[in-house]
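Thanks for making the time this morning. I would like to walk you through one model, and I will give the cut-offs as we go.

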Amino acid sequence: MTSKIINMAERIKDNEDRLLESMFASEPIADNGFSEQIVRRVRRKLFVRRLTLPIAALIGGAFAYKSLAGLVSALYRILLQLPGDVVGSAANSLPSVQLIVTGGLILVAAILSMNMLED
Amino acid sequence: MIHGEDNELVASVLASQDTAAFGELIRRHQSHVRNFLRKLTGDISMADDLAQDCFMHAWDKLQTFSGRGSFIGWLLKVAYTTFLQSKRKSKRYAEILDQVGHASEVEGRSYAVQSEEVGDLDKFLAVLTDEERAIMVMSYACGLSHREISETTAMPVGTVKSVIFRGKEKIRTSFDIKDHQHG
């Protein structure tokens, strides 16, 4: 009820209000490529945002490659030192350290790229 | 051309980052936003730059649109915030210029009348403060209700009404408003 009264009161305009409305009124502004320009900016922003994660992962991977290789190599050595009957022949059939690290990095990059393409 | 209500387009943007739907929202409301900012700044190119920034902010903050009020009301809120941020930046810039001893052209230029032909509206707007100008423009140019203006500016409805009253009073005392009625 109160809101109805407020709305009615708002609708009751005096001459001064009508005059101000006519003075404040303005012609619509033609778009002339304005909206397209913003959409392009938004698309560029989205593209950059989607690229950021895979690129950061690749750069981080490149920096971390040596440390990762060292870590995997240490784990590999530990695995080889375990008694043969615990690990069995699995230890002997493991690929080289470089192959494991590179494979892991390629897998991560591929997952991130697929996510980006999906978006 | 995409059809549908504003809220449907907003939902589409939020669900799938649909830039085409966002483009349609811009096409629908760019004229209102640009006119609002032109009246606030009095400078066409500055207003259009701010309008671009406003739509970029709108893209980033679209999830804050609750869908309860009108989309244009929410958009004008973003535009007003963008305008105020730009004013603050200009003020800081002016202060830095002052510190290094340059005369500042920015400070004190609250409303820049760009054209040589100063219209009645420009004269009216020039006597108002930023806040009064924004609220008067929302009310008389954009047709927002007092309640919508209150939501847009985060002011109580009573304050909005008193700002409009004060604005009208200033215009009335600065100009003989009846002179414009017939001329």
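I will take the contact between the chains, then the core, then a helix and a single residue.

This is a predicted model, in which local features need pLDDT of at least 70 and side-chain atom pairs count only at pLDDT 80 or more, while totals for chains, interfaces and linings use all residues. Residues are numbered from 1 along each chain as its sequence is written, and chains are lettered from A, with ligands numbered from 1, in the order in which they are written.

Let me begin with the two chains.

Next, the core. A nonpolar core is a set of buried Ala, Val, Leu, Ile, Met, Phe, Trp, Tyr and Cys residues joined through C-beta atoms within 7 Å, and buried means that 20 or more other C-beta atoms lie within 10 Å of a residue's own, with exposed meaning 12 or fewer and partly exposed in between. The largest such core has 47 residues, of which B:L37, B:A79 and B:V137 touch the most other members, and its largest share, eight residues, comes from helix 4 (residues 71–99) of chain B. Leaving aside neighbours within four places in sequence, B:V137 is in contact with A:F24, B:F36, B:K39, B:L40 and B:C142.

Which residues of helix 1 of chain B are buried? In this helix, residues 6–16, they are B:L9, B:V10 and B:V13, and these pack against helix 2 (19–41) and helix 4 of chain B. On the other side of helix 1, B:E8, B:A15 and B:S16 are exposed.

Finally, B:E148 lies in helix 7 (residues 146–153) of chain B and counts as buried because it has 22 C-beta neighbours inside 10 Å. Beyond its neighbours within four places in sequence, B:E148 is in contact with B:G69, B:S70 and B:G73.

Notes: Helices (H or I, at least four residues) and strands (E, at least two) are DSSP runs, numbered from the N terminus. Two residues are in contact if their C-beta atoms, placed from the backbone, lie within 7 Å.
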